Amino acid sequence: MSAPRFRSLATLPWVMALALVAAGAQGTGGLLAQQRPAARAADAGALDTVQIRPNVWVIFGAGGNVTVHLGEDGVMLVDSGSEAMAPKTLEAVQAITNAPIRIIINTSADPEHVGGNDRVGAAGVPINPDNFTDEERATVLAHENVLQRMSAPKNRNEKPAPTGMWPTETFTSKYRSFYVNDEAVQVIRQLGAVSDGDVLVHFRRADVIATGDVVDLRHFPVIDAAKGGSIQGELEALNRLLDLTVPPMPLVLKPGRTLIVPGHGRISDYGELVDYRDMVTTIKDIIQDMINKGMMLEQVKAANPSAGYRKRWGSDSGPWTTDMFVEAIYTGLKNAKPVGKTE
């Protein structure tokens, strides 16, 4: 089995990183774009581990990105990767430390984020000593809707996920906050962005935010209406994320900044997040104007409302195309309740 690869942001000149951020504004890359870790790891058949803070690593190539937070209490993970990659994900975590995995936080119910819950979680112990059972395993925390989708899918064509993958602890409140590894952790509910189970995970001392699929700089954001996603929820999540993200100002040549770890793709920061939010807002406003003029969906698609951003984020093929993105926005806006109206 290929050994995990390690790199650290500490070895990356921040002048170079800032130049890459600037290049990202022109659609050619962004912070850490030169690494392209997920793609290279897949080619080599190995995972790629990057240290982004003294006690925070990101594992790329596990199906979805896996964030690793290490401290005196053990290991916290954000997501566990896909089921197929679970053995390699566990190997990558154990290459960082032999400390126990205490908690896995799932950012959604998608398979590439929860697939490793069983195998990876079985190597750990609960975060709460009172929860020890005959079968000791790491606590898996998620929003209640994630458990609902995994245990009782609304789509009759989908089978429930194996029980070993299910969250063992859920919440429904706006925040689930706790203190582990000398770190204030806030799990923030952002339902209705990509799906009805989205959360952001904010490591406040480390100044790192794991976003799940709310941010995906590889393409236009996925809005899965069948799973509760909406353009309104996506914009709300992006604006909330910007509220939490601190830019590298005024000392732009220093490394201080909030780092954004998406569910897929490269690590980014405030500058790229602003570009991403502004792109979504602009396309949404253009489509809303077309709807106000009485244009039908096919007319809107033909008018190419994403023209200014299509080269950078669009795709004409694959699981999430530009047409699908436009249709998701159009349908969401058409079905939106008027301001002030409630059920």
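**Figure 1. Asp182 is found in the loop between β9 (175-180) and β10 (183-189).** The structure shown in this and the following figures is a predicted model. In general, most residues other than glycine have a negative phi. Asp182 is a residue other than glycine, yet its phi is positive, near 55°. With a relative accessible area of 42%, Asp182 is partly exposed. The side chain of Asp182 meets that of Arg205 in a salt bridge, at 3.8 Å from N to O. This pair links distant parts of the chain, since Arg205 lies in the loop between β11 and β12, 23 residues apart from Asp182. Arg205 is exposed, with a relative accessible area of 57%.

**Figure 2. Asp207 lies in the loop between β11 (199-203) and β12.** Asp207 is not a glycine, but its phi is positive, at about 60°.

**Figure 3. A cis peptide bond joins Met249 and Pro250.** In general, most peptide bonds are trans. For the bond between Met249 and Pro250, omega is about 0°. Pro250 is placed in the loop between α7 and β13, and Val252 has its place in the loop between α7 and β13 (259-262). Met249, Val252 and Leu253 make a nonpolar surface patch of about 310 Å². Val252 counts as partly exposed, at 35% relative accessibility.

**Figure 4. Phe220 and Phe325 form a stacked aromatic pair.** The count of aromatic pairs comes to three. In the pair of Phe220 and Phe325, the rings are 4.6 Å apart from centre to centre, with 5° between the planes. Phe220 lies in the loop between β12 (208-212) and α7 (231-244), whereas Phe325 lies in helix α11 (residues 322-334), so the pair ties together parts that are 105 residues apart in sequence. Phe220 is buried, with a relative accessible area of 1%. Phe325 is also buried, with a relative accessible area of 0%.

**Figure 5. Tyr276 and Trp313 form an edge-to-face pair.** The ring centres of Tyr276 and Trp313 are 5.9 Å apart. Because their planes stand at 75°, the pair is edge-to-face; the cut-off for this class is over 60 degrees. Tyr276 belongs to helix α8 (residues 270-292) and Trp313 to helix α10 (residues 310-313), and the pair links these distant parts of the chain, 37 residues apart. Both Tyr276 and Trp313 are buried. Together with Tyr309, Tyr276 and Trp313 form one aromatic cluster.

**Figure 6. The largest nonpolar core has 36 residues.** Val215, Ile287 and Ile329 have the most contacts inside this core. Helices α7, α8, α9 (297-303) and α11 each supply at least two residues of the core. The largest share, nine residues, comes from α8. Leaving aside its neighbours within four places in sequence, Val215 is in contact with Leu238, Leu241, Pro262, Gly263, Leu273 and Tyr276. A second, separate core has 23 residues, including Val50, Val58, Val78 and Val187.

**Figure 7. Arg149 forms a salt bridge with Asp196.** Side chains of opposite charge can pair when their charged atoms come close. The closest N and O atoms of Arg149 and Asp196 are 2.9 Å apart. This pair links distant parts of the chain: Arg149 is in helix α6 (residues 144-151), and Asp196 is in the loop between β10 and β11, 47 residues apart. Arg149 counts as buried, at 16% relative accessibility. Asp196 is likewise buried, with a relative accessible area of 14%; the cut-off for a buried residue is under 20%.

**Figure 8. Glu169 forms a salt bridge with Arg176.** The closest N and O atoms of Glu169 and Arg176 are 2.2 Å apart. Glu169 counts as partly exposed, at 23% relative accessibility. Arg176 is partly exposed, with a relative accessible area of 23%.

**Figure 9. Arg310, Asp316 and Asp323 are linked in a network of salt bridges.** The structure as a whole holds 15 salt bridges. The protein contains eleven helices and 13 strands. Of its 343 residues, 51% count as buried.

Key:
Residues are numbered from 1 along each chain as its sequence is written. This is a predicted model: local features need pLDDT of at least 70, side-chain atom pairs count only at pLDDT 80 or more; totals for chains, interfaces and linings use all residues. Side-chain values use heavy atoms; hydrogens and water are left out. Rings of Phe, Tyr and Trp (its six-membered ring) pair if their centres lie within 6.5 Å; planes under 30 degrees apart count as stacked, over 60 as edge-to-face and the rest as tilted. Helices (H or I, at least four residues) and strands (E, at least two) are DSSP runs, numbered from the N terminus. Buried means under 20% relative accessible area, exposed over 50%, partly exposed in between (1.4 Å probe, protein chains only). A nonpolar core is a set of buried Ala, Val, Leu, Ile, Met, Phe, Trp, Tyr and Cys residues joined through side-chain atoms within 4.5 Å. Contact means heavy atoms within 4.5 Å. Patches are made of residues with over 30% relative accessible area and no salt bridge: like charges are joined within 9 Å, nonpolar side chains (Val, Leu, Ile, Met, Phe, Trp, Tyr) within 5 Å. Accessible areas come from the Shrake-Rupley method with a 1.4 Å probe; for residues, only the protein chains shown count as cover. A salt bridge is a side-chain nitrogen of Lys or Arg within 4 Å of a carboxyl oxygen of Asp or Glu.
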